[in-house]
Amino acid sequence: MRKYLIAGNWKMNLDRAASVQLADALAALYPAAGETEIAVCPPSVYLDAVRQAVRGSGVKLGAQNMYHLGPGAFTGELCSDMLLDIGCRYVILGHSERRSLMGETDAMVNEKTHAALAAGLIPIVCVGESLEQREAGQTGDVVRSQFEHSLAGLDESQMAGLVIAYEPVWAIGTGKVATPEQAEEVHADLRNLLATRYNSGLAEQVQILYGGSVKSDNASELLSQANVDGALVGGASLKADSFQGIIQAASQIAVN
Ligand code: PGA
């Protein structure tokens with residue numbers, strides 16, 4: 001049985017004090033690991049401060065990116081060893097903002113995924129189509145191609161150690177959430193790809209998160225879909241109460 005994972009992607013938001021305040025609030029709400037897995041991914045400069053706040057609680061730490069090589073002469077980058085050293089369990093890879101604004105390709109995401117897995121981090125690998133691609137009826141092809149190339153060359157045990165996030169680009173930060181049916185269609189497709197490339201046992205194991213304007217009031221219907229195993233949450237993860245609402249929605253479905 002897959003557990004839900006609710007991961008907060010704070011992006012380039014909050015300052016140090018606000019990061020610690022939010023982390024403190026979440027650690028107080030979730031002092032121990034529960035049925036729903038919870039993670040926060042603060043800006044890298046605040047990873048250490050957030051780690052102090054959530055240490056020992058049910059809230060795990062994640063980074064928003066990493067470089068595939070290192071340590072070494074890679075000015076401005078962070079490597080897997082550093083993320084582990086600072087207490088990260090997760091690392092988001094191939095977020096659409098990194099793909100579109102920083103020029104990350106599937107090949108780069110693939111290198112990072114291999115490096116993160118080799119180090120023992122859990123990559124949250126993002127895929128998702130643009131509005132143009134959806135309107136042109138290319139959603140299935142785009143997501144399949146990102147899956148094939150971003151996740152190339154992984155054996156079954158490596159694949160079992162990562163999380164996939166389907167994030168339609170048109171739904172990110174726009175308030176335009178995918179309908180539960182739209183999300184489920186892509187999630188089911190991704191799980192079929194896993195079953196075809198590996199086997200149905202592996203496919204049943206891998207968590208596939210939905211991301212894009214998830215809020216406490218739409219979380220239930222999205223998370224109730226058979227193949228939606230959690231959420232990667234941007235805006236609504238910046239406040240303890242809205243993030244808590246999404247976690248509660250997951251936990252309620254899990255107990256029913
Ligand atoms: P959003 O962002 O929840 O603000 O739409 C999601 C994401 O980019 O991970």
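This briefing covers the barrel, the helix packing and the nonpolar cores of the structure above. The model is predicted: local features need pLDDT of at least 70, side-chain atom pairs count only at pLDDT 80 or more, and totals for chains, interfaces and linings use all residues. Residues are numbered from 1 along each chain as its sequence is written, and side-chain values use heavy atoms, leaving out hydrogens and water. Eight strands form a closed barrel here, as "8 strands" with parallel pairing.

**The barrel**

- The strand order is β1-β2-β3-β4-β5-β6-β7-β8. Strands (E, at least two residues) and helices (H or I, at least four) are DSSP runs, numbered from the N terminus. Two strands pair if DSSP finds at least two bridges between them.
- Neighbouring strands of this sheet are turned by 25° against each other on average, direction ignored. Axes are lines fitted to C-alpha atoms, for helices over the stretch in contact, and angles run from 0 to 180 degrees between N-to-C directions.
- Strand β3 (residues 59-63) runs parallel to β4, joined by 2 bridges. Tyrosine 90 in β4 is the bridge partner of glycine 62.
- In β4 (residues 90-93), Tyr90 and Ile92 point one way, while Val91 and Leu93 point the other way. All are buried, meaning under 20% relative accessible area with a 1.4 Å probe, protein chains only. In a regular strand, side chains alternate between the two faces of the sheet.
- Strands β6 (residues 163-166) and β7 (residues 208-211) are parallel and share 3 bridges. Tyrosine 166 stands opposite tyrosine 210 in β7.

**Helix packing**

- Helix α9 (residues 180-197) packs on the sheet and touches β5 (122-127), β6 and β7. Its direction makes about 150° with that of β7. Contact means heavy atoms within 4.5 Å.
- The axes of α1 (residues 16-29) and α12 (residues 240-255) come within 10 Å and cross at roughly 35°.
- Leu22, Ala25, Leu26 and Leu29 in α1 meet Ala240, Phe243 and Gln244 in α12. These contact residues divide into 6 nonpolar, 1 polar and no charged. Nonpolar covers Ala, Val, Leu, Ile, Met, Phe, Trp, Tyr, Cys and Pro; Asp, Glu, Lys and Arg are charged, and the others, Gly among them, polar.

**Nonpolar cores**

- The largest nonpolar core has 66 residues. Such a core is a set of buried Ala, Val, Leu, Ile, Met, Phe, Trp, Tyr and Cys residues joined through side-chain atoms within 4.5 Å. Helix α12 gives its largest share, 6 residues.
- Tyr210 is among the residues with the most contacts inside this core.

Conventions:
Buried means under 20% relative accessible area, exposed over 50%, partly exposed in between (1.4 Å probe, protein chains only).
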